[in-house]
Amino acid sequence: MTSAKSARRPHHWRRDLIELAALFTAVAVADAIANLIGHQPDGPYLLVASAVALIATAAFHTWWAHRHSHAPPPGADGAASSPANGAGNGETVLWRMRTTVRDAPGSLAALCLVLTRLRVDILTLQTHPLARGTVDEFLLRAPAALQPQELTREIAAAGGSATWIERADAHDLVDTPTRVLALATRTALDAAELPLALRQLLGRCTIHSLPAVSVTGRPTGESAPVEGVLEDTVMRLRDPSGGVISVERPHLPFTPTEFARARALVELDARLGPRVPRGEDVLTLPEGNEITVRRADSRDLAAARALHDRCSPRTLGLRYNGPVGDADRYLDHLLSPRFGRTLAVQTASGRLVALGHLLWDGDETEVALIVEDDWQRRGIGSELLGRLVALAAGTGCDSVYAVTQSRNTGMVAAMRGLELPLDYQIEEGTLVITARLRRERAARPSGTAEEVRR
C-alpha cells in the first residue's frame with residue numbers, strides 16, 4: 001500500500017507561476033472580447049454560445065485527462081501488454097525444469113526474461129547452491145504449443161546449462177515445505193514408507209535397500225558412514241535397520257540440498273524405531289468363517305515360521321519356485337518393512353494361515369502369496385492379491401509382477417481375476433505374469449529423462 005507521502009506529486013513553483021500568468025492573460029482576453037462583442041446587436045447570443053462551447057471543451061479536457069492519468073504506459077506491466085502467463089490464450093501444460101547458472105547477479109533475471117518472452121508463467125522456484133554456480137528448479141505453466149527442445153535452446157542462450165525438463169502434474173503444485181512435512185508424517189506413521197518417501201522427495205530415481213546380511217546369513221559387506229555418501233548421481237545412506245539405502249538417478253545429479261533432505265528423513269526413521277500400522281479388516285468367507293487381514297512385520301516371524309511348517313512341500317515349492325527345505329530363512333527379509341509390505345491373514349483363533357508380500361525390486365514391484373493347504377481354494381489368495389495391487393497403485397507403481405510356475409493354477413487364476421492387462425513370459429518352466437495398472441499419466445516428451453520407478 002502506497003503511503004500518502006509517497007503518493008503526493010512533487011511541487012514545482014515554476015509551473016504555478018506559468019499557470020497564474022496564463023490565467024490573467026485569459027481573463028484579459030475574455031474581458032476584451034466581451035467589450036467588443038457586447039456592444040453589437042447579436043452580442044449577448046454570441047457570448048452565451050461561446051460560454052457553452054468553453055464549458056463543453058473544458059469538460060472534455062477534464063474527462064480525457066482523468067482517463068489517461070491512471071493508465072499505465074504501454075509496456076509498463078507485462079501482464080497488460082502481453083499474456084505472459086498464457087491464461088486465456090489456449091491450452092497450457094505444466095513442466096518441471098532444472099538448469100544450472102553462474103552464481104552472478106543477473107543470471108536468474110536473464111532466465112526469467114526468456115520465460116516471459118515465451119509466455120511461460122513461473123509457479124514455483126527453488127535454488128540449490130553449489131560450490132560453483134546454482135541449480136534453479138522451476139515449476140512452469142507454458143503454452144501447449146511450446147516444445148521442450150525450443151525451451152531448452154532458449155534457456156541455454158540465456159546462460160543455463162545442463163537443463164533437464166519433464167512434464168509435471170497437479171501434485172507438483174504443492175510447495176516444497178508442505179510436501180516435505182507430509183512425507184515426514186507418512187514416514188513417522190509407517191517404517192515401510194521410508195523408501196517411497198525418498199522417491200517422492202527426490203523425483204524419479206531407483207532405490208535399493210541393500211541388507212548387511214544376506215538371506216543365507218552371510219555378511220554382504222554393504223555399509224555406509226553415519227553421515228552418508230553423495231557421489232554425483234548416487235547417494236548412499238545408512239539404513240537404520242542395517243545395511244545401506246542406495247539412491248540412483250543417472251540423468252540428474254543430486255544436489256547437496258537434496259542430500260540433506262534425504263538424510264533428515266533417514267534420521268527421523270532411525271529415531272522412531274520399528275513401527276507398522278496395526279489396522280485390521282475382518283472378512284467372512286463364503287462358508288461362514290471369519291478371517292482378519294492386517295499388516296505384518298518382523299514381530300510375526302514366529303507365527304510365519306509355524307505357517308511354513310504346516311505347509312506341504314508342494315505349496316512351498318510353488319511359492320519359492322523349487323524344492324525348499326528351509327524356506328523360513330527368507331522370512332526375515334520378507335517381513336522387513338524396508339523391502340516392502342506384508343499382509344497377514346489369521347483365523348478367529350489367531351493362527352496365521354496366509355501371507356501376501358509386496359516387494360520393492362529396484363525399478364519394479366513383485367507380489368507373492370502363500371496360503372496354508374487347508375485354507376486354499378477359499379478366495380483368500382484373491383483377496384490378498386487385490387489388496388496388494390491396490391497398495392502398489394497407491395505408491396505410484398505402473399505394474400506388478402508375480403514369479404510362479406505354469407502348474408500353479410491358483411496364482412494364475414488370481415492374477416486373471418484382477419481384470420487388468422496381463423503379460424506372460426515363460427522361461428525354463430518359470431512363469432512371470434505382469435499386471436499393468438491402469439493409471440492416468442501425462443505423456444512424457446521425447447528426449448527428457450527416462451522415468452524410473454521405485
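Reply: Let us begin with a definition: two strands pair if DSSP finds at least two bridges between them. The model before us is predicted.

Me: Which order do the strands of the open sheet have, and in which sense do they pair?

Reply: Strands of a sheet pair through backbone hydrogen bonds, either parallel or antiparallel. Here, four strands form an open sheet in the order 2-3-1-4, and the pairing is antiparallel. Strand 2 (121-129) and strand 4 (161-167) are the edge strands, each pairing on one side only. On average, neighbouring strands of this sheet are turned by 15° against each other, direction ignored.

Me: How many bridges join strand 1 and strand 4?

Reply: Strand 1 (residues 92-101) pairs with strand 4 over five bridges, in the antiparallel sense. Opposite Thr 100 stands Ser 161 in strand 4.

Me: Where does helix 6 lie?

Reply: Helix 6 (residues 148-157) lies across strand 1, strand 3 (134-143) and strand 4, and runs at about 150° to strand 4.

Me: Which residues of helix 6 are buried, and why do they line one face of the helix?

Reply: A residue counts as buried when its relative accessible area is under 20%. In helix 6, these are Pro 148, Leu 151 and Ile 155. Seen down the axis of helix 6, the buried residues fall within an arc of 60°, so they line one face. They pack against strand 1, helix 5 (107-117), strand 3 and strand 4.

Me: Which exposed residues does the face turned away from the buried side carry?

Reply: That face of helix 6 carries Arg 153 and Ala 157. Just after helix 6 comes Gly 159, with a positive phi of about 110°.

Key. Residues numbered from 1 in each chain as written. Predicted model: local features only at pLDDT ≥ 70, side-chain atom pairs only at ≥ 80, totals over all residues. Heavy atoms only, no water. Helix = DSSP H or I, 4+ residues; strand = E, 2+ residues; numbered from the N terminus. Axes fitted to C-alpha atoms, helices over the stretch in contact; angles between N-to-C directions. Contact = heavy atoms within 4.5 Å. Buried < 20%, exposed > 50% of the residue type's maximum accessible area, 1.4 Å probe, protein only. Arc of directions from axis to C-beta.
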